[in-house]
Amino acid sequence: MDILSFINSKDIREYLQLINYQCDSMQAAWLVYHSANKTMDEKHAAYRWIIENMPDCPMPKRRFAINRDSLHAFLQEHMNFCETHRIKIEKDPCLENLSDYEEDLYCLAFESRWFCFPTPFKKGDLVYRYYENPHKHRCCGGVFVLEGITNTEEDIKRCAHGDESDMNAYGWYQDPDGTVYNEVMHNYMDLVKFEGELYGQERLLIAISNFVQGKISFELLLQSQRTLMMRDYGETWMPNWYTDEGMELAGLTNMPKMTKKQKRANRIRRKKESRYYG
């Protein structure tokens, strides 16, 4: 069985298949658990394959997970629980009113562990979560410029007792108004490369990408931000706290599009002004 086929990110899945990455038993079970596109029956078939074909191992206690002596025994118990609650889970996977032991059995035994997987991404890549609209910017959402991923040798030591919320990627995001900020997201196994077009102030992410890779200067980055903001505001931003009469008196309603002749006249005027101001 190809356990890597359970990875949600197409880019990470194809990369790990290319390098013939070999999961250990716990990694394999974790990938199966997190698969968003596989049915319960497909996941259980994979768990049974792990039990029959991969080594057993203990599951040490974590902050939110109890100690278990056998991964194989846990997977069988997990499957039994899911089969018992299949109807509820298929309606809504977020089961409520579980005991601490049931919650561990259902999800926390998986989610309380940290793993290190190699990825194909590099600093400066434009990436986003595979299930999101890349153009829908929100807190730590949408396409962003990748600075790094917590899967280095140093992270392995630092996160030895971490959970999947520590499987982070960090970089430069945008708010809907174009404001740029640096933040982290989890989990990095959900990332895919952005291959589409960026629009308006989103295009600042192109400049940030090239800046963090050392391809353009800080001065050009600032110029890019200024130019894109001015262009975006000029085309789409309008004050909304004035009356219709005030907007009309200010010349901000029913604005005609400039003709080619008018655009040419503006260019000539700006050129003359630049010569005048030297």
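**Note on the predicted model**

1. A45 sits in helix α3, which covers residues 40-53, where helices are DSSP runs of H or I with at least four residues, strands are runs of E with at least two, and both are numbered from the N terminus. A45 is partly exposed because its relative accessible area is 30%, given that buried means under 20%, exposed means over 50% and partly exposed lies in between, with a 1.4 Å probe and protein chains only. The C-alpha atom of A45 is separated by 9.9 Å from that of V32, and these two residues are 13 residues apart along the chain.

2. A word on the basis of this note: this is a predicted model, in which local features need pLDDT of at least 70 and side-chain atom pairs count only at pLDDT 80 or more, while totals for chains, interfaces and linings use all residues. Residues are numbered from 1 along each chain as its sequence is written, and side-chain values use heavy atoms, with hydrogens and water left out.

3. The structure holds ten salt bridges, a salt bridge being a side-chain nitrogen of Lys or Arg within 4 Å of a carboxyl oxygen of Asp or Glu. One of them joins the side chains of E83 and R86 at 3.0 Å, N to O, and E83 is partly exposed, with a relative accessible area of 39%. A network of salt bridges links D41, E83, R86 and E90.

4. E132 takes part in a salt bridge with R129 at 3.5 Å, N to O, and also in one with R138 at 2.3 Å, N to O. E132 counts as buried because its relative accessible area is 12%, and R129 is likewise buried, at 10%, whereas R138 is partly exposed, at 39%.

5. H137 is placed in the loop between β1 (126-129) and β2 (144-149), and H137 is buried, with a relative accessible area of 11%. The side chain of H137 makes a polar contact of 2.8 Å with the side chain of E202; such a contact is a pair of N or O atoms within 3.5 Å, and within protein one must be able to donate a hydrogen and the other to accept it, while residues adjacent in sequence count only if both atoms are side-chain atoms.

6. Which residue of helix α11 (residues 260-276) deserves a look here? R264 lies in that helix, and R264 is exposed because its relative accessible area is 53%.
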